[in-house]
Amino acid sequence: MTLAIVPSETSPVPLSDLVARDAREFGVYARTGGWAFGLMVARSVRPGGQGADETPKVSAKEFAELAGCSPERVMRYYKAWDRAADDGLVPHFEALAPGQEVELPDADVWLGYYVSRSSATSERGTAIAEAAEAEGIRPTKALEVAENPTALRAAILADPSTARAARSALLDRMREDPELQAELARDVVRTDDLKKAVATESRSADRIGYVRQIAESGQVKTPAGQTIDAPVDLRQEAERHLSLLDELEEDEDTGEWATEAYDTMKSLVVEAVEADPELRVQERRTKFYSSLQKATRVFEELTFDDAQDFYEDDMVQRLEDLQNAIATAITALRGARGNHPEG
């Protein structure tokens, strides 16, 4: 019977030098991220303006050939290190020699300096960088987001605060981009839920505007369309409702509050008109003229040039009834004029 010999804790299997090296390199990268590779470039690639006879360092092209990658990739690490050196996070190239070790920043800081693509030098990249600087953030952060729209989409879908920031940015962008305005407008009208939401918000905005107009101008439109000076108590009530609306948080639904304020003001306007005899008469007169103008306009739009093509007895009957109604109205108005004190 052959017994298997199992290594005990007192006699461990010898550790492979290759495994140990991998573990050390993995640990360095886990702590420093891209800084570890940036240091390799910074201490081995000579800065611009420095000749080959002045330093043992090599050009970015030579380093890339030795590394088996493109010079452009090497230069992205080079530029990232240069930006960090300008900020005082790492030593400048001139202070580094091949093989030299230095303390490196945390891994998550690297992405703030490294741009994975050459987009920063394009016209688009320049515009993004300028906008980032205006917002007070590093251009590299904005460029990184712009280079990964899928990640941006995922963040917007998953995180409400990111979605709100995106919404705010889109609104700012639309003010200067008519084409984007048109595209979003088309998207809205083609989506039933969005179309309904826009209609609801528009109605709320109109109602708030009605209350604000009374509070700020001191004037109000009557149901018949007259513009009159709002009574003091009516204006005060409008100001009260407006202050309540203005105190609502941005994410609160204003619809219910707007409807209550609007309905209240409408009722108060009707009461104010009815309480003033002179205003009440003027309101009815205005309403009558408005209805008369609409009826006249509708009748004037009727054409009878080809009546023989669509003639029906019912049409004549309706016109005769209308004629009788008009005659009765004329008689009533003439009678009223005869009874009018100034008639």
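**Close-up views of a predicted model**

**Figure 1. Confidence along the chain.** The mean pLDDT of the protein is 83, and 89% of its residues reach 70 or more; pLDDT is the predictor's confidence in each residue, from 0 to 100. Residues 1-8 have a pLDDT below 50, and beyond near neighbours in sequence this stretch has one contact in the model, a contact being heavy atoms within 4.5 Å. Where pLDDT is low, the predicted coordinates should not be read in detail. This is a predicted model, in which local features need pLDDT of at least 70 and side-chain atom pairs count only at pLDDT 80 or more, while totals for chains, interfaces and linings use all residues. Residues are numbered from 1 along each chain as its sequence is written, and side-chain values use heavy atoms, with hydrogens and water left out.

**Figure 2. The aromatic pair of Trp35 and Trp110.** Five aromatic pairs are found in a search of the whole structure. Rings of Phe, Tyr and Trp (its six-membered ring) pair if their centres lie within 6.5 Å; planes under 30 degrees apart count as stacked, over 60 as edge-to-face and the rest as tilted. The ring centres of Trp35 and Trp110 are 4.9 Å apart and the planes stand at 75°, so this pair is edge-to-face. Trp35 belongs to helix α2 (residues 35-44) and Trp110 to helix α5 (residues 107-110), so the pair links distant parts of the chain, 75 residues apart. Helices are DSSP runs (H or I, at least four residues), numbered from the N terminus. Trp35 is buried at a relative accessible area of 0%, and Trp110 is buried at 5%; buried means under 20% relative accessible area (1.4 Å probe, protein chains only). Ring pairs also join Trp35 and Trp110 with Tyr77 and Trp81 in a cluster.

**Figure 3. The aromatic pair of Tyr78 and Phe93.** These two rings are stacked, with 4.1 Å from centre to centre and 10° between the planes. Tyr78 sits in helix α4 (residues 71-86) and Phe93 in the loop between α4 and α5, so the pair ties together parts 15 residues apart in sequence. Tyr78 is buried, with a relative accessible area of 11%, and Phe93 is buried too, with 3%.

Figure 4. Ser204 has 6% relative accessibility and counts as buried. Leaving aside residues up to four places away in sequence, Ser204 touches Thr254, Gly255 and Ala258. The C-alpha atoms of Ser204 and Glu256 are separated by 8.5 Å, and the two residues are 52 residues apart along the chain.

Terms used:
Helix = DSSP H or I, 4+ residues; strand = E, 2+ residues; numbered from the N terminus. Buried < 20%, exposed > 50% of the residue type's maximum accessible area, 1.4 Å probe, protein only.
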